[in-house]
Amino acid sequence: MSGQLTIAMPKGRIFNEAADLLRRAGFDLPPEFDDSRKLIIDVEEEKFRFILAKPMDVATYVEHGVADLGIAGKDVLLEEERDVYELLDLKISGCYLAVAGLPDTKMNDVAPKIATKYPNIAAAYFREQGEQVEIIKLNGSIELAPLIGLADRIVDIVSTGRTLKENGLVEYETITTVTSRLIVNPVSYRIKDERISELIKRLNDVI
Ligand code: PRP
């Protein structure tokens with residue numbers, strides 16, 4: 001398809017909000033878009049190809065140029081520092097990164113342990129605070145770590161706050177707010193600028 005744009009979409013909780021935003025911007029996405037198991041979906045009328053990736057991988061596809069554009073959380077962009085341009089704050093999937101732990105507990109004086117899916121963000125944050133910590137990388141269910149004595153604190157996403165509350169944890173500090181961003185491959189941005197500008201304009205109108 002000539003003039004086709006390939007867009008990497010994050011599977012999971014951001015997906016529906018992102019699809020809704022594209023529809024509000026006037027793009028005609030088929031119903032199969034929402035509950036298909038397909039990983040590549042062509043929408044020929046719009047000259048879009050969507051690839052459905054793990055949220056943490058979206059920027060990787062865009063950096064390597066196999067997707068022109070992607071929708072990625074600011075958390076992932078801060079963690080990975082990929083060679084992509086951030087074009088738009090889509091203002092969806094709002095949440096924030098926080099330091100949390102068991103209530104009324106002090107961090108160990110010597111190399112406190114911090115469990116997180118975001119080792120780079122956590123390391124940079126504690127370095128800025130002048131605290132020496134040991135980072136323990138986990139892939140999910142981060143809130144388990146302080147409950148079973150793996151870590152003194154966690155650095156994780158807080159959305160509704162329900163996971164912290166239901167596990168008896170409290171927030172100690174907010175690190176940064178997080179929303180989803182439209183990102184682009186630098187080469188695609190140069191050679192497909194007309195279509196990309198049109199997409200940005202239509203999204204801007206509904207953000
Ligand atoms: C995320 C995050 C928290 C939770 C926060 O995990 O890591 O655990 O959501 O949401 P809440 O404030 O609304 O409770 P996710 O559900 O993506 O799963 P994971 O534990 O496998 O990372």
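Visitor: Hi! What kind of model is this, and how are residues numbered?
Guide: The model is predicted, so local features need pLDDT of at least 70 and side-chain atom pairs count only at pLDDT 80 or more, while totals for chains, interfaces and linings use all residues. Residues are numbered from 1 along each chain as its sequence is written, and side-chain values use heavy atoms, with hydrogens and water left out.

Visitor: Which polar side-chain atoms lie by a ligand oxygen?
Guide: One of Thr160 lies 2.5 Å from a ligand oxygen, and one of Asp156 lies 2.7 Å from a ligand oxygen. Gly161 has a polar backbone atom 2.7 Å from an oxygen of the ligand.

Visitor: New topic: how many salt bridges are there?
Guide: The structure holds 12 (a side-chain nitrogen of Lys or Arg within 4 Å of a carboxyl oxygen of Asp or Glu). One of them joins Lys192 and Asp68, at 3.1 Å from N to O.

Visitor: What does that pair tie together?
Guide: Lys192 is in the loop between helix 8 (186–191) and helix 9 (193–206), and Asp68 in the loop between helix 3 (58–63) and strand 4 (69–73), so the pair ties together parts 124 residues apart in sequence. Helices (H or I, at least four residues) and strands (E, at least two) are DSSP runs, numbered from the N terminus.

How values were computed
A polar contact is a pair of N or O atoms within 3.5 Å; within protein, one must be able to donate a hydrogen and the other to accept it, and residues adjacent in sequence count only if both atoms are side-chain atoms.
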